[in-house]
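Keep the 3D view open and follow along.

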Amino acid sequence: MKRIHQSAIAVAAGIAAVGLLASCAGAGAGSGGGNEGDAASGAYTWWDPYPQHEEGSDWANRVEACGDEAGVTIERTAYDTTALTNQALLAGQEGNSPDVILLDNPAVSTLADAGIVSTVDELGLDVSGIDANLLAAGEVDGETYGVPIGANTLALYYNQDVLDAAGVDPTSITDWASLTAALEAITASGSQGITFSGIGTEEGSFQFLPWFWGAGAELTELDSPEAVAALELWKGWLDDGLAPNTVINNSQNTAWEEFLTGGFGFVENGTWQVNAAAEADFPAGVIEIPAEDGGVAPAPTGGEFIIAPVQSDEGRYDVTRQIIECMTTPEGFVETANTFAYYVPPTAEGQEALLEEHADLDTWVSAVQAAKGRTSDNLGTDYPIISEQLWTAVQNGLSGVSTPQAALEEAQANAEADLG
Amino acid sequence: MTTTLAAATARRDGTAGAGGSTPPAPAPRSRRRGPRGSQWAAIGFAAPLLAYLAFFYAFPLWRNIELSVHDYTIRAFVQGEADFVGLQNYAQIFGSPLFGQALANTAFFTLVSIAVQFSIGLALAVFFRGAFRLSGFLRALFLVPWLLPLIVSASTWAWMLNSENGIVNSLIRAFGGTQINWLTSPETALLAVTIANIWLGIPFNLVILYSGLQNIPEEVYEAASLDGAGPWRQFWSITFPLLRPVSAITLLLGLVYTLKVVDVIWIMTTGGPGTTTTTLAIWSYREAFGTGQPDFSPAAAVGNLLIVIALVFGLLYLQLQRRQENR
């Protein structure tokens, strides 16, 4: 009898342990969104990729204020940029998406394609004031899936001391030929010409695109003569010692750090370094990236979109719209711009207001006006596939695996095969 | 990458678990006293282990196989209705122009890493066997690569091998050589990441081989030296043969660890320039997480291929071990 009793306990303990495991797994799957509250009141969930802005920061307070204005509380969660996209996908899979997500713009079409983002029409948002070139990154098959809250892009920072020593006037740089001539003068004077990022990730494509588009190439034809010209420009700089060999492995941050050593004339980098440039040990300026034959090259846009994931309870959209509208007023845009060290507002009104406060940002405002979304031209979810081939071709061309021509031809063939 | 190891472990644990849950049939004598009770107890005790194995080994493995035979696009991932495509993902992997290169890179990276790690590890183990002053301290120093977080050591290697400002090139230039673009030239990139990985793997080999050496009785060496065998002869006639079982498991574990290496290569070159340092593991990682467009199905197919490769070598090891036992 006693033995049976013991074994019964053992069985019970075993089953309890199994049950515990199962309940753990269940709890893991259940957490994440948690927005089963009432439609009109209660908590609205908000995800953004700014963990550096903690609770109590200006940004967090602004988000909270927009909730108060709409008569609800906002529960804000901050994720790392890449983690945010994955979290959004998982939440969409489990049907507990947050009400609002601030999402990196190339990811918008990915989520839209998965069918988990509501369109601006469904929300009743007016996007007519938003610059068309910025809004295009969130457009898929004629539908718009969100509003840009600001944009940043790439330009060329220069080191005034190095340029002075080489006798180069930055305003004289208007096309590729004059830029290359300037780099040669800088190299002759003992400094290094330019650094940038050609790493084998999305950053590499991001940095190459101004030259690619500046030559007149299109992402649908990676092996066009224009595209080859752009890659040959970079390759020529490496071969002639105008750019260091390290660019093949440089991230944008590494390129920036190289520039901060003071040994470089130029660096290709983004709006997010404006403050760091002001604090550098040398006077730094900025010019827009020139196109091959003069004028400004379209640089790719960076920056987040504010999107509203699909909810089973459509009654929530009304408040969601009010929250989004609160974040996207002209004053709201300028506030966002200041919070994030110069995010250029996506509307003409907002840009004017920003320039009134910071007249020195005019280069960036016009760079953003000339910029282009990577997922624009209805490329949408094709873009990541093309981009992977593009950065591979850049790496192959720069490192000498193959010639720029052959590298881009291979990229085009692979992209076509992958896109089916 | 953990899947590979998990699979290997699961295989071994699995057999152990199965053996534990089905005890030898009880003798008829004990049946009268209520064998069902004790059998239930056995199941009860085994249940947590079985559930653990099912949750953390069988399910992920099954899920990986399932991923690889479906076409999981982002849309299918979210809405849960991926098309069954059979072996199409595998056909795509084998037909890819990257396959041959990735396989060759994996073979080079793994074999060179293991061979050099093992040789250096064994040499150091023999060296430290003769206990001398500070030998314990020095041996501890050799463990440092093991203790450092991988991101630290891989980044440090990347800086050291930097084309323009790296310390390695500074040295080469100081001795009158020309700059070598370690990580950015297609000729040297694979070698550079392999060197870094060898450095990382030496402590593992050192520790296991050193403990293996402790089990060789000192008398054997004494007898050998009485017979007039020099150090070289002692190594090849005593140390090496007696260390064979330990060597075999060291090599197998090293193989499994090296096959699944992603972090070192990813941090140093992201598989580049171009695809010149893309191994199978890097390829799988890039498909799944390295682009803006997660492609889980081909990634899972490559991952399964890695599991199969590790499994083949695992079986080879078991075969060798059995033959040795039968001898």
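## A bridge between two strands

Let's start at one spot in chain A: I194(A) has F266(A) in β9(A) as its bridge partner. The two strands involved, β8(A) and β9 (residues 264-270) of chain A, run parallel and share 3 bridges. Strands here are DSSP runs of E of at least two residues, helices are runs of H or I of at least four, and both are numbered from the N terminus. Two strands count as paired if DSSP finds at least two bridges between them.

Before going further, a word on the model: it is predicted, local features need pLDDT of at least 70, side-chain atom pairs count only at pLDDT 80 or more, and totals for chains, interfaces and linings use all residues. Residues are numbered from 1 along each chain as its sequence is written, while chains are lettered from A and ligands numbered from 1 in the order in which they are written.

## The sheet around it

Zooming out, the pair belongs to an open sheet of 4 strands in chain A, ordered β8-β9-β7-β10 with mixed pairing. At its edges lie β8 (192-195) and β10 (284-287) of chain A, each pairing on one side only. From one strand to the next, the twist averages 25°.

Elsewhere in chain A, helix α10 (residues 225-239) and helix α17 (residues 382-399) have axes that come within 9 Å and cross at roughly 35°. Axes are lines fitted to C-alpha atoms, for helices over the stretch in contact, and angles run from 0 to 180 degrees between N-to-C directions.

Which residues meet here? On α10(A) they are L231(A), W234(A), K235(A) and L238(A), and on α17(A) they are A393(A), V394(A), G397(A) and L398(A). By class, this contact has 6 nonpolar, 1 polar and 1 charged residues. Contact requires C-beta atoms, placed from the backbone, to lie within 7 Å. Nonpolar covers Ala, Val, Leu, Ile, Met, Phe, Trp, Tyr, Cys and Pro; charged covers Asp, Glu, Lys and Arg; the others, Gly among them, are polar.

## Where chain A touches chain B

Overall, 43 residues of chain A are in contact with 37 residues of chain B. α1(A) gives the most to chain A's side, with 12 residues. That side divides into 21 nonpolar, 18 polar and 4 charged residues.

Definitions and conventions
Contact = placed C-beta atoms within 7 Å.
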